[in-house]
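Here are my notes on the model, as numbered points. Please read them with the structure open.

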Amino acid sequence: MNHLYIVHDGENKYVFRVYTHHWRTPLEIEEELRLLNHLKEADRQIAFPIADQSNKFIQKIEAPEGIRFGVLFSYAKGIKTAKFSPETSFLIGQALAKVHQSTENIKLMRMSYNAENLLKNPVIRTKKFYNKNTSEIEFLESLSDFLTLKMENEEKQKMRYGVVHLDVWFDNLHIDDEKEITFFDFDFCGNGYLCFDISYFLFQLFTTHLNEQEYQVKADSFIRGYETVTKITPEEKKFLSFACLAIMNYYISIQCDRFEYWTNIFLNEDHLKRMVGNLKRWIAYNKIEIK
């Protein structure tokens, strides 16, 4: 979604993120950084922003397309890999639960992820982009209607709410020596049910593991790790198989929205079929009946 640069000072390595033009407002970036500083103070395992000599975190850059914003971040130790052990999956669960302990019941002046923002509006934008009533679009419309009813009927008072990352998967965390986890890229952070992050991680774990038995072992290990820190409520557990479907519906629309900036190389009918295919595989695995 943004442009990232590795920065060296001779001894240490950092990451400089330059937000794409008209992607995030100054307030949205300030709120993301407020969250990260809050998590840093709580000693959570995250990459954190670094201020300049004037104690400013956000840099203004005069690019040809207009003003863009840049932020320097600490570098997350370790490597990015989808091939980690069940033991490491356990540690990821623990680390995420600790983040959630610090984000529960706090609120950002950013998007609140609900049925309207994840389902109703996104499917309209996706349909407009593809401009034809394909079977995949019909499926997303049916899924959106089904999930909207599901979300509106949840026992919300029994679902933990706060600030969510919304993009927790192997691509946004580093693993150091198979035992230290560091999360980064909170670009999509906002307000929502904490189980959104749990569900999304499980979905991405599923899509990167064609061997479903291997997936289940790592998924169970992740949940066990999470619950050594804080418990997942029964209502949240019932919602886990549904939450990620809503998030993926939203991300499909984001890819359409940002076509000119990011996804024009691969965003086509075949890509949509692959995305929908992953959703259908997850639905079948979890025995979900869309009515």
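**Notes on the helices**

1. Glutamate 260 is found in helix H8 (residues 259-263). Helices here are DSSP runs of H or I with at least four residues, numbered from the N terminus. Glutamate 260 is exposed, with a relative accessible area of 62%. Buried means under 20% relative accessible area, exposed over 50%, and partly exposed in between, with a 1.4 Å probe and protein chains only. The C-alpha atoms of glutamate 260 and isoleucine 290 are separated by 33 Å, and the two residues are 30 apart along the chain.

2. A word on the source. This is a predicted model: local features need pLDDT of at least 70, side-chain atom pairs count only at pLDDT 80 or more, and totals for chains, interfaces and linings use all residues. Residues are numbered from 1 along each chain as its sequence is written, and side-chain values use heavy atoms, with hydrogens and water left out.

3. Is glutamate 236 buried or exposed? Glutamate 236 is buried, at a relative accessible area of 0%. Its place is in helix H7. Leaving aside neighbours within four places in sequence, glutamate 236 is in contact (heavy atoms within 4.5 Å) with Lys158, Met159, Arg160, Cys195 and Lys231.

4. Helix H6 covers residues 212-227. At 1.5 Å a residue, its 16 residues should span 22 Å; the end C-alpha atoms are 22 Å apart, which agrees. The expected span is 1.5 Å times one less than the number of residues. Asparagine 211 caps the N-terminal end of H6, with a side-chain oxygen 3.0 Å from the backbone nitrogen of glutamine 213.

5. Buried residues of H6 include Tyr215, Phe222, Ile223 and Tyr226. Lys218 and Glu227 are also buried. Among what covers the buried residues of H6 are helices H2 (86-103), H5 (195-207), H7 (234-257) and H9 (269-285).

6. Helix H4 (residues 135-152) packs with H9 at an angle of about 45 degrees, their axes 10 Å apart. That makes H4 oblique to H9. Under 35 degrees counts as roughly parallel, over 145 as roughly antiparallel, 65 to 115 as roughly perpendicular, and the rest as oblique. Residues of H4 that meet H9 include Phe139, Leu140 and Leu143.

7. H4 also packs with H7, at about 130 degrees and with axes 10 Å apart. So H4 is oblique to H7. The contact includes Leu140, Leu143 and Phe146 of H4, and Phe239, Phe242 and Leu245 of H7.

Key. Helix = DSSP H or I, 4+ residues; strand = E, 2+ residues; numbered from the N terminus. Polar contact = N/O pair within 3.5 Å; in protein donor to acceptor, adjacent residues only side chain to side chain. Axes fitted to C-alpha atoms, helices over the stretch in contact; angles between N-to-C directions.
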